[in-house]
Amino acid sequence: MQAAIFRRTGEPADVIEIQFIPTNAPPAEASSSFAQVAQSPAKGMVRVRMEAAPINPSDLMTIRGRYTRQPPLPARIGYEGAGIVSAANAGLYGRWLVGKRVAVLPADGGTWAEELELPAKNVIPVGAKLNSLEAASFFVNPATAWLLTNQILSIPQGGWIVQSAAASAVGQMVCALGKHYGFRTMNLVRSASAIEIVKRAGGDAVIVTDDAGQWKEELQQQLPGGRIRYAIDPVGGELAATLVSMLGESGQIVLYGTLSHEPMSFSPRSLMTYGASVRGFWLGAEMARMNLWKKLSLVKTIRYLQERKILRTEVRLQFPIDEVHQAVVAAEAPQKSGKIYLVF
């Protein structure tokens, strides 16, 4: 089979390689870095014939060496995807999974491959109503958007949330959740070309941040009381620091990304004066803190929202695995809406 790997960190298009891994070699002949797929999965494991995998910012940050948790090199790539369980060695549950389409969430990556072996607990049956592309983006972005708005911040009906990078996949999902649950979204985007994307997703108001700082005054004018009660930011740097300075009484901002790769700088009095707070969010750590029942409830909620098309991931382009270099370049095209997928 073919799998995408990287042996050193750097620009994705420069360092990604395609490795050919025999699917029937004896395990003893496998290298320590890339265990070849044995004829029968190891105990507690399932084998998935991959159908699709999205290219997410977390994948590209890992390749560049900038992600929260870096794998030992060489490493396989991809934290999310979907496929059909082709074999299992995980008791009754494993046998029940065989032949079913599952969302795949390997802790150490590896979805950018034609086959993947991983613990049975790291796959989620998605049912027959989702196609392979929908299943491939079943969890990471939807779970992030839902947890941020409904659990971390618990935005009430009628409440306003300010979000940056609003044209991103998570940003569009936050807009859709606002329409569904009754909260309102104030959306920050980098250029006017993204306004229609956000409006189409259900955003209530859109502000362009490329006007040399005037966007702050526009945001103050549109917000009730001129201060932020709820905000989320995946950018960091100067933009996030500006949002912190605008927090109002008991205002909260959640940081869930570092797209700018820049540190934040703000006065502690931005928090002290209004009793405001800043906190971080990383989906992997959040899931690790959840008990089994909370995880099952979250999966059930996401499945409900996706099956009813409340949460949707727009598909922009699809690439076969041997065109992965073109795919990663396309994934970072500025102001392009929709997700890039590798398909197998």
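**View 1. An open sheet of six strands, paired in parallel, has the order E11-E10-E9-E12-E13-E14.** At its edges are strand E11 (205-208) and strand E14 (277-280), each of which pairs on one side only. From one strand to the next, the twist averages 20°. Strands here are DSSP runs of E with at least two residues, helices are runs of H or I with at least four, and both are numbered from the N terminus; two strands pair if DSSP finds at least two bridges between them. The model is predicted: local features need pLDDT of at least 70 and side-chain atom pairs pLDDT 80 or more, while totals for chains, interfaces and linings use all residues. Residues are numbered from 1 along each chain as its sequence is written, and side-chain values use heavy atoms, with hydrogens and water left out.

**View 2. E13 and E14 run parallel and are joined by four bridges.** Leu-255 is placed opposite Gly-280 in E14.

**View 3. Helix H8 (residues 214-222) packs on the sheet.** It touches E9, strand E10 (184-189), E11 and E12 (contact: heavy atoms within 4.5 Å).

**View 4. Leu-73 and Pro-74 are joined by a cis peptide bond, with omega about -5°.** Pro-74 belongs to the loop between helix H2 (57-64) and strand E4 (75-76). Most peptide bonds are trans.

**View 5. Ala-165, not a glycine, has a positive phi of about 50°.** Its loop connects strand E9 (160-163) and helix H6 (169-181). Ala-165 counts as partly exposed because its relative accessibility is 22% (buried is under 20%, exposed over 50%, partly exposed in between; 1.4 Å probe, protein chains only).

Terms used: Axes are lines fitted to C-alpha atoms, for helices over the stretch in contact, and angles run from 0 to 180 degrees between N-to-C directions.
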